[in-house]
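Here is a friendly walk through one protein model, meant to be read with the coordinates open beside it. Please have your viewer ready.

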Amino acid sequence: MKLLKWLSVTDRFYKIYLDKQLAPFGINSSQHMFLIKICQSPGILQDSLMDMFYVHPSNIVRTVAALEKQGMITRSPHVKDKRTCELYPTKRALSVVDQVQTVCEKTEALLLQGISGSDRDLFLDLLMRAGKNITSELHIERKGEEFDD
């Protein structure tokens, strides 16, 4: 039960920490991954975010709507499939995305502080394996990308 306890503690408190660090940019810990991905891939389809981040479609819709309301992204209907949207970063998003990535990198460094390079690699490998195990058990598949982000 130690594993479950410490996964929960780490998840809860890194989100609190990240929320504080991201507040000046007008986003939170549940939005940063979406913002970064949209800035990296302008025109990305909203539906493709489900496979990347393992979140429920309603969470995608809610997060995308919040980012749009905050002036971080724009949505436009996909030409071939009107059921989905293409997502584009705004000038505001592009002006903060590097700082957001820096906050994320510093947060990861904090989480891994005191852990040597080889132990970090092992830890990340084991954590990804654990993620694969649980998603496999729940029959959650990822389309198109390896499970390495």
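Arg 129 and Asp 125 sit four residues apart in helix α6, so about one helical turn separates them. Their side chains meet in a salt bridge, with an N to O distance of 2.6 Å. Before going further, please keep in mind that this is a predicted model. Arg 129 counts as partly exposed, at 46% relative accessibility, and Asp 125 is also partly exposed, at 29%.

How far apart are the end C-alpha atoms of α6? They are 30 Å apart, and this agrees with the 30 Å that its 21 residues should span at 1.5 Å a residue. Just after α6 comes His 139, which takes a positive phi of about 60°.

## The other salt bridges

How many salt bridges does the model have? The count comes to three.

As a general point, side chains of opposite charge can pair when their charged atoms come close.

## The nonpolar core

Now for the inside of the model. The largest nonpolar core holds 25 residues, and the ones with the most contacts inside it are Ile 27, Leu 35, Leu 49, Met 72 and Val 100. Which helices each supply at least two residues of this core? They are α1 (2-22), α2 (32-40), α3 (48-53), α4 (57-69) and α5 (91-111). The largest share, six residues, comes from α5. In soluble globular proteins, nonpolar side chains tend to be buried together.

If its neighbours within four places in sequence are left aside, Ile 27 is in contact with Leu 22, His 32, Leu 35, Leu 67, Gln 70, Met 72 and Val 100. Three of these partners, Leu 35, Met 72 and Val 100, are also named among the residues with the most contacts inside the core.

## A nonpolar patch on the surface

Turning to the outside, Met 1, Leu 3, Leu 4, Leu 7, Phe 123, Leu 124 and Leu 127 form a nonpolar patch on the surface, and together they have about 770 Å² of accessible area. Two elements give two or more residues to this patch, namely α1 and α6 (117-137). Leu 127 is one of the patch residues and has its place in helix α6. With a relative accessible area of 40%, Leu 127 is partly exposed.

## A backbone detail at Tyr 54

Where is Tyr 54 found? Tyr 54 lies in the loop between α3 and α4. Its phi is near 55°, a positive value in a residue other than glycine. Tyr 54 counts as partly exposed, at 28% relative accessibility.

Terms used
Residues are numbered from 1 along each chain as its sequence is written. This is a predicted model: local features need pLDDT of at least 70, side-chain atom pairs count only at pLDDT 80 or more; totals for chains, interfaces and linings use all residues. Side-chain values use heavy atoms; hydrogens and water are left out. A nonpolar core is a set of buried Ala, Val, Leu, Ile, Met, Phe, Trp, Tyr and Cys residues joined through side-chain atoms within 4.5 Å. Buried means under 20% relative accessible area, exposed over 50%, partly exposed in between (1.4 Å probe, protein chains only). Contact means heavy atoms within 4.5 Å. Patches are made of residues with over 30% relative accessible area and no salt bridge: like charges are joined within 9 Å, nonpolar side chains (Val, Leu, Ile, Met, Phe, Trp, Tyr) within 5 Å. Accessible areas come from the Shrake-Rupley method with a 1.4 Å probe; for residues, only the protein chains shown count as cover. A salt bridge is a side-chain nitrogen of Lys or Arg within 4 Å of a carboxyl oxygen of Asp or Glu. The expected span of a helix is 1.5 Å times one less than its number of residues.
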